[in-house]
Amino acid sequence: MPSTPRTFPQDFLFGAATAAYQIEGAAHEDGRRDSIWDAFSRVPGAVINGDNGDVACDHYHRFGDDVALMKQLGLQTYRFSTSWSRVRPDGGPLNQKGVDFYKRLVDSLLDADILPWLTLYHWDLPQALQERGGWTNRDTADLFTEYALDMHDALGDRVGVWTTLNEPWCSSFLSYTAGIHAPGHYSPTEGYLAAHHLLLGHGQTVNALRERDSELNLGITLNLTVADPVDPDNAADADAARRIDGQFNRWFLDPVFLGAYPADIVDDIATHLPEAAAALESAIRPGDLDIISTPIDTLGVNYYHGEYVGGTAPANPPASGDAPTDRRAESPFPLSYDIHWHDRGLPRTAMHWEVDAPTLTRLLSRVSDEYARPAGTRLFVTENGAAYDDILVVEDGEPRVHDHARTHFLTAHLSAVQDAIEAGVDVGGYFYWSFLDNYEWAWGYEKRFGIVRVDYHTQERTPKDSAREYSRIIRAREL
């Protein structure tokens, strides 16, 4: 017998997400200056094939057609980021041409009846600010707040949803500790300093925007996971899971919602990384955590996969999801001693990430119970997606991409969101990552996450089967 369709709540939003540097291109047009990703992509061996975002998806010139395609697919909301390097090049005075681009984009979205969901920072710090210390410099948090207020001056009458940061774990520990993301440093101390100043910038910006307009929907987006021990009864395995959870999830959730960094991880840093502990203690000034824990309306949850870890190395460790570049990569977890990843036999994407939809239900339930519900904050899945090795075919003269694995990934994770809602979790929407194939950071153009294929030579857009299925789900509002 056919299964009964499962419907979504009437106010549930269906959307897709992108980021400025990954799609816009026009890297040196209309006053835009280098970001840290422009600089990092020029470092020999940092990015596969030496790829950069100079052109990317040329969204800067093609945004009108892209918005029309969003409308055709039925997207209700579009999560995009504004480029600090375009709006305030080098962190300096306002660049009106850069601001005007985002005005045109927002106007196009509103004309298409698509809700603009604006993210202020998706990793493209002006390179000139990095040369002054970047996020390890407390002044960057103040400059970020100024930039945010500039964007509100320009768009506050048309944009009601404002996200401060996207995935500060990536822009601190992947960037300043692991050397994998721009600016490509290898310092645990810098990672902790960057994380604190990113969160400080978040809190300051929420306060400043709230003063401007108390009706704004304000929040932050965190990439979160569930860390499972190989054997919960094994002390080493359980401790490995604790430390991953503490460094990945709680290091950001606790200060935002509870006004304190997790005590167990603080103790671990003091024991194993005394230099980092001293630097962090010096960086945290009285009142900082009160600012960081300013109440927010929305928490964006980015989820791609879970973690399966133990205290001993497996005979056959799973492949890493890091780009195989010529530069060395350190662990983004400063407390990674005696932590080993294991394979639990789940399917994997082209990024070597586990496909583990039911864990999204567990994650949403835990974050709701421990953080969001007590704070009166609503959850949204702001990124969830998969890279696969797509094949373009021509059928009856039309290009097609039959991405069955991605389509299954999409529907399985939407089903997991429904499971969470049915369990009482207030989830307000889902954004697929990504709307377009795009520049995948250190992977360059090697990995395709989009539900719309981009031919990087012609810039032709081709909706994949996953886009068609997503469009059908949106129209029916059911699985």
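Trainee: Where is R477 found?
Mentor: R477 sits in the segment after α16 (465-476). Before we go on, this is a predicted model, where local features need pLDDT of at least 70, side-chain atom pairs count only at pLDDT 80 or more, and totals for chains, interfaces and linings use all residues. Residues are numbered from 1 along each chain as its sequence is written, and side-chain values use heavy atoms, with hydrogens and water left out.
Trainee: Is R477 buried or exposed?
Mentor: R477 is buried, with a relative accessible area of 13%. Buried means under 20% relative accessible area, exposed over 50%, and partly exposed in between, using a 1.4 Å probe and protein chains only.
Trainee: And N49, buried or exposed?
Mentor: N49 counts as exposed, at 59% relative accessibility. N49 is in the loop between α2 (36-41) and α3 (59-73), and its phi is positive too, near 65°.
Trainee: How are those helices numbered?
Mentor: From the N terminus; helices (H or I, at least four residues) and strands (E, at least two) are DSSP runs.
Trainee: OK, α14 now. Where is its kink centred?
Mentor: On S368, and the kink is about 55°. The bend at a residue is the angle between axes fitted to the seven residues ending there and the seven starting there.
Trainee: Which residues of α14 are buried?
Mentor: Among them are L360, L363, L364, V367, S368 and Y371. What covers the buried residues of α14 includes α10 (235-258), β10 (378-383) and α15 (404-422), with contact meaning heavy atoms within 4.5 Å.
Trainee: What follows α14?
Mentor: G376, which has a positive phi, near 70°.
Trainee: Last one: at what angle do the axes of α11 and α12 cross?
Mentor: Roughly 125°, and the axes of α11 (residues 263-272) and α12 (residues 274-283) come within 5 Å. Axes are lines fitted to C-alpha atoms, for helices over the stretch in contact, and angles run from 0 to 180 degrees between N-to-C directions.
Trainee: Which residues make the contact?
Mentor: I269, A270, T271 and H272 of α11, and P274, A276 and A277 of α12.
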